[in-house]
Amino acid sequence: MIKKGLASKYFHVSTVLTIFSVLILLNGCGGVYKPFELVDRNTRIKPGSLAVLSGSGSEVDVKLAAYLTQDLKKRSTFRVMSQGDIARHLPGYPSDLVRTSKMPKAEEDNYAWFSQGNKGRVDAAHAQLNADYIFVIWAGDLTRWVTSGQGGTRVDYVVSVYGRLFEYPRGRIAGYSAFGESKGQSCCLFGKSEGEDIDTLLKNSAETAADKFISITGTEKANK
Amino acid sequence: MAGYMRSIIFIALSLIVGACSTFNLVDQNFRLKGKTLAVVSGLYNDPNMLAAQYMTDALRKNSRFQVMSQKQVAQTVSNYPQNIKGPYKSAYFQIDTDYSNTDIKKIRQIQQQLGVDYLYVMWTPTATVMNDKIYTYHIIAQLFEGPSSKEVGNGMFGATAGKTDCCLVPKPGDEDKAKAIKDTTELVAKQIAEKTGTQK
């Protein structure tokens, strides 16, 4: 009997689906494309220290967090903690200690909400990290779409990305991410692996979130 | 037409998964050097731990190896289970194998702590679901011989719950998924016993 949620996520494999379905996924599960938005448009985000936390220990979440950290460190005026620094402060990180997989759907649908249990975990992490902002990022689904037609077969990878920006010391949700990103398959020929395509997809997703985050918060580095 | 295509693709996928070699000896002239063995979960996730437990049971039942219990393994290895770098470059929809990628230093350390002649390490890095109905855990494993933890065998296989993606068939539940892991480990254990010459 498998009691707990998976540390490794299920990855969805779908075949012969319509373009419409792909578009729905690209727009996030709820038909939304919001790489980053503020909950309250009047909120002013002050540059300070920021820690990006991987929602779980799964490779997809870990990579999203690493790429977003890298982007924000390079391009924003925030003092962004490295993933290594975070791991030194939080024993066992990255793992399910930030966000358990037991109540994901509501958190994916209600952008200004985080379950009490998971919020408690983020607060506990903040107590160790002491950053002004905590950005939790995770992937909802990673899907491989195989579409067959007269022109042949096409393979696309699609990921749904979710995030929450917590502002401290108040500990409230200041912003969120909910969007989908896709990449056509280039792998499996010329010795390239599927992992490289998915890696690129995750890198692009983090970049998309970082672009919007930096533009909305007005924290772009002058010497980009 | 869509259903027809789905079936063809699913059959093709099944053939690919079915064609995976569940256990192979690295050297065909392998000769058994000892009889104690421990199964180790290479990742800290529930399906992996479950697979290690079922493989322990299956090897006890089907081989003449003296197999250490998972409880003993947990008591002897500090922080067990822990994430050990495994024999793959990536693992999303399939495992992209690279048997040289394993953290052999860590494996050697664990084998020395356990003091067993053979260490069978399993990784379940990914699981896929097809049309919400067919669940597959992708598993890769290596058999090491002590005390230097030389790789003497390896294999890759899938444990699949759900036979069809037909809309009338219910989704497999946790028990179906656990049973898929149990049945698969039973088959693989028989192969290991056969190829290492330890059948009961």
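The model is predicted, so local features are taken at pLDDT of at least 70 and side-chain atom pairs count only at pLDDT 80 or more, while totals for chains, interfaces and linings use all residues. Residues are numbered from 1 along each chain as its sequence is written, and chains are lettered from A and ligands numbered from 1 in the order in which they are written.

Chain B contains five helices and eight strands, where helices (H or I, at least four residues) and strands (E, at least two) are DSSP runs numbered from the N terminus. Along the sequence these elements follow the pattern α-β-β-α-β-α-β-β-α-β-β-β-α. Of the 200 residues in chain B, 48% are buried; a residue counts as buried if 20 or more other C-beta atoms lie within 10 Å of its own, as exposed if 12 or fewer do, and as partly exposed in between, with C-beta atoms placed from the backbone. When contacts in chain B between residues at least 6 apart in sequence are considered, 68% of them join residues at least 24 apart, a contact being a pair of residues whose C-beta atoms, placed from the backbone, lie within 7 Å.

Strand S2 of chain B, residues 36-41, has five of its six residues buried, so it is largely enclosed by the rest of the structure. S2(B) runs parallel to strand S3 of chain B (residues 66-67), to which two bridges join it, and pairing requires that DSSP finds at least two bridges between two strands. Within S3(B), Val67(B) is the bridge partner of Leu37(B). S2(B) also pairs in the parallel sense with strand S6 of chain B (residues 118-130), over five bridges, and there Val39(B) has Tyr120(B) as its bridge partner.

Among the helices of chain B, H2 (residues 46-62) and H5 (residues 174-196) pack with their axes 8 Å apart and at an angle of about 45 degrees; axes are lines fitted to C-alpha atoms, for helices over the stretch in contact, and angles run from 0 to 180 degrees between N-to-C directions. H2(B) and H5(B) are therefore oblique to each other, since angles under 35 degrees count as roughly parallel, over 145 as roughly antiparallel, 65 to 115 as roughly perpendicular and the rest as oblique. Residues taking part in the contact include Leu50(B) and Tyr54(B) of H2(B) and Ile181(B) and Thr185(B) of H5(B). By class, this contact has 12 nonpolar, two polar and three charged residues, with Ala, Val, Leu, Ile, Met, Phe, Trp, Tyr, Cys and Pro counted as nonpolar, Asp, Glu, Lys and Arg as charged, and the others, Gly among them, as polar. Gln53(B), which lies in H2(B), is partly exposed, with 19 other C-beta atoms within 10 Å.

In chain A, the axes of helix H2 (residues 59-75) and helix H6 (residues 194-217) come within 8 Å and cross at roughly 45 degrees, which makes H2(A) oblique to H6(A). The residues of this contact divide into 11 nonpolar, one polar and six charged.

Gln83(A) is found in helix H3 of chain A, residues 83-89, and is buried, with 20 other C-beta atoms within 10 Å. Residues up to four places away in sequence aside, Gln83(A) touches Ala65(A), Ala66(A) and Thr69(A). The C-alpha atoms of Gln83(A) and Ser54(A) are separated by 9.1 Å, although these residues are 29 residues apart along the chain.

Notes:
Contact = placed C-beta atoms within 7 Å.
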